[in-house]
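These are my notebook entries on what I looked up in the structure shown below. I kept them in the order in which I went through the entries.

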Amino acid sequence: MRASIKRPPTPDAEDERDREPTIQEIINIKLIESGEKERLKELLRERLIECGWRDEMKALCRAHARKKGRNNVTVDDLVHVITPKGRASVPDTVKAELLQRIRSFLSSTAL
């Protein structure tokens, strides 16, 4: 059986229990437990729709599908092509607003 190229090896269960969670993992847990992660995701959705980013990504997907032929495009293909463009085109104001909200959350939460 071949090893998967896309997936890292599964860590041993014993190793997972013995190690301390990283600060990033702790923050992620706090965000999930408090419900702040969902609120941040909803804020991001709203801001991306407001600034036209979502429509821009739809247009890029449609253009790519037309170029390759509708029957020759897979979801994985679209994700591979659109993701770098999508990440690069998120407005700095949206990123700054989310970062500020995360910082506010962290300062109000004792870690």
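Does E97 count as buried, partly exposed or exposed, and at what relative accessibility? I read off 28% relative accessibility for E97, which counts as partly exposed; the classes are buried under 20% relative accessible area, exposed over 50%, and partly exposed in between, with a 1.4 Å probe and protein chains only.

**Basis of the entries.** I noted that this is a predicted model, in which local features need pLDDT of at least 70 and side-chain atom pairs count only at pLDDT 80 or more, while totals for chains, interfaces and linings use all residues. Residues are numbered from 1 along each chain as its sequence is written, and side-chain values use heavy atoms, with hydrogens and water left out.

**Confidence and layout.** I looked up pLDDT, the predictor's confidence in each residue from 0 to 100, and found a chain mean of 89, with 84% of the residues reaching 70 or more. I counted 6 helices and 0 strands, where helices (H or I, at least four residues) and strands (E, at least two) are DSSP runs numbered from the N terminus. Along the sequence the pattern reads α-α-α-α-α-α, and 16% of the 111 residues of the chain count as buried.

**Salt bridges.** I found 9 salt bridges in the structure, a salt bridge being a side-chain nitrogen of Lys or Arg within 4 Å of a carboxyl oxygen of Asp or Glu.

I went to E97 and R47, whose side chains meet in a salt bridge with an N to O distance of 2.9 Å. Because E97 lies in helix α6 (residues 92–108) and R47 in helix α3, the pair ties together parts that are 50 residues apart in sequence. R47 itself is partly exposed, with a relative accessible area of 23%.

R47 also meets E50 in a salt bridge, at 3.5 Å from N to O; these two residues are 3 apart in helix α3, so about one helical turn separates them. E50 is exposed, at a relative accessible area of 58%. I then noted that E46, R47, E50 and E97 are linked in a network of salt bridges.

Another pair in helix α3 (residues 36–50) is K41 and E38, which lie 3 residues apart, about one turn of the helix. Their salt bridge has its closest N and O atoms 3.2 Å apart. K41 counts as partly exposed at 35% relative accessibility, and E38 is partly exposed as well, with a relative accessible area of 48%.

**Positive patch.** Which residues gather in a patch of positive charge on the surface? I listed R54, K58, R62 and R66. Patches are made of residues with over 30% relative accessible area and no salt bridge, like charges being joined within 9 Å and nonpolar side chains (Val, Leu, Ile, Met, Phe, Trp, Tyr) within 5 Å. Lys and Arg count as positive and Asp and Glu as negative, with His and the chain ends not counted, and the place of a charge is taken as NZ of Lys, CZ of Arg, CG of Asp or CD of Glu. Accessible areas come from the Shrake-Rupley method with a 1.4 Å probe, and for residues only the protein chains shown count as cover. For R66 I noted a place in helix α4 (residues 53–68) and a relative accessible area of 65%, which makes R66 exposed.

**Two further residues.** C61 is also placed in helix α4 and is partly exposed, with a relative accessible area of 25%. From C61 to V79 I read 9.1 Å, C-alpha to C-alpha, for a pair 18 residues apart in sequence. S89 is found in the loop between α5 (75–88) and α6, and counts as partly exposed at 24% relative accessibility.
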